[in-house]
Amino acid sequence: MAVLYDAECQFCRWAMGMLLMWDRRGRLVPLTLQEPEAESLLGELTQEQRMETWHLLAATGRRYAGGAAFAPLFELLPAGRPLARLAVRFPAVAAYVYDAVSRHRSQLARLIPRRLQQLAARTLREQTQRRSRKSSH
């Protein structure tokens, strides 16, 4: 599953790195919204629509965005099924949580301990490099 996130957002980069650490099975493919590939994957959306939220693209081609992406995302992650069920059962809460975090992501980024920021950045960098090596072969 491709996860498209804003590379210019410190909180978004941290969250993507943390998701990759959680994803021990390697099911998530991180892509930045700024990459040319994002435009081809989200071509039906305007640039503004692409950048206003994160997107999750299933292997089936189905696209999820914002709080609606929590359930399919958590379903893939180890021990994430209970969170996926909550997101399905309470979609308005999932949307509210996503919107609240999104609105305050700059402030939240400042609260993340430096060590966790570095760990997430390293994980994201390594995963991105691995993907680049695979695509060049």
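Mentor: Let us begin with a definition: a contact means heavy atoms within 4.5 Å. In this predicted model, 61% of the contacts between residues at least 6 apart in sequence join residues at least 24 apart.

Trainee: What makes the chain as compact as a globular protein of 137 residues?

Mentor: The chain has 8 helices and 4 strands, in the order β-α-β-α-α-β-β-α-α-α-α-α from the N terminus. Its radius of gyration is 15 Å, close to the 14 Å that the globule rule gives for 137 residues, so the chain is as compact as a globular protein of that length. The C-alpha atoms fill a box of roughly 45 × 35 × 30 Å along the principal axes.

Trainee: Why is Trp-54 called buried?

Mentor: Buried means under 20% relative accessible area, and Trp-54 has a relative accessibility of 12%, so Trp-54 counts as buried. Across the chain, buried residues make up 39% of the 137 residues.

Trainee: Why is the aromatic pair of Trp-54 and Phe-70 called tilted?

Mentor: A pair of aromatic rings is described by the distance of the centres and the angle of the planes. Rings pair if their centres lie within 6.5 Å, and planes under 30 degrees apart count as stacked, over 60 as edge-to-face and the rest as tilted. For Trp-54 and Phe-70 the centres are 6.1 Å apart and the angle between the planes is 40°, so by these cut-offs the rings form a pair and the pair is tilted. Trp-54 lies in the loop between α3 and β3 and Phe-70 in helix α4, so the pair ties together parts that are 16 residues apart in sequence.

Trainee: What makes the pair of Phe-70 and Phe-74 stacked?

Mentor: Their planes are 15° apart, with 5.7 Å from centre to centre, and because stacked requires an angle under 30 degrees, that label applies. Both residues belong to helix α4, where being 4 residues apart separates them by about one helical turn. Phe-70, at 17% relative accessibility, counts as buried, and Phe-74 is buried with a relative accessible area of 14%.

Trainee: Which residues form the aromatic cluster?

Mentor: Trp-22, Trp-54, Phe-70, Phe-74 and Tyr-98 form one aromatic cluster, and a search of the whole structure finds 5 aromatic pairs.

Note on methods: Residues numbered from 1 in each chain as written. Predicted model: local features only at pLDDT ≥ 70, side-chain atom pairs only at ≥ 80, totals over all residues. Heavy atoms only, no water. Helix = DSSP H or I, 4+ residues; strand = E, 2+ residues; numbered from the N terminus. Rg over C-alpha atoms; globule rule 2.2 N^0.38 Å. Buried < 20%, exposed > 50% of the residue type's maximum accessible area, 1.4 Å probe, protein only. Phe/Tyr/Trp six-rings, centres within 6.5 Å; stacked < 30°, edge-to-face > 60°.
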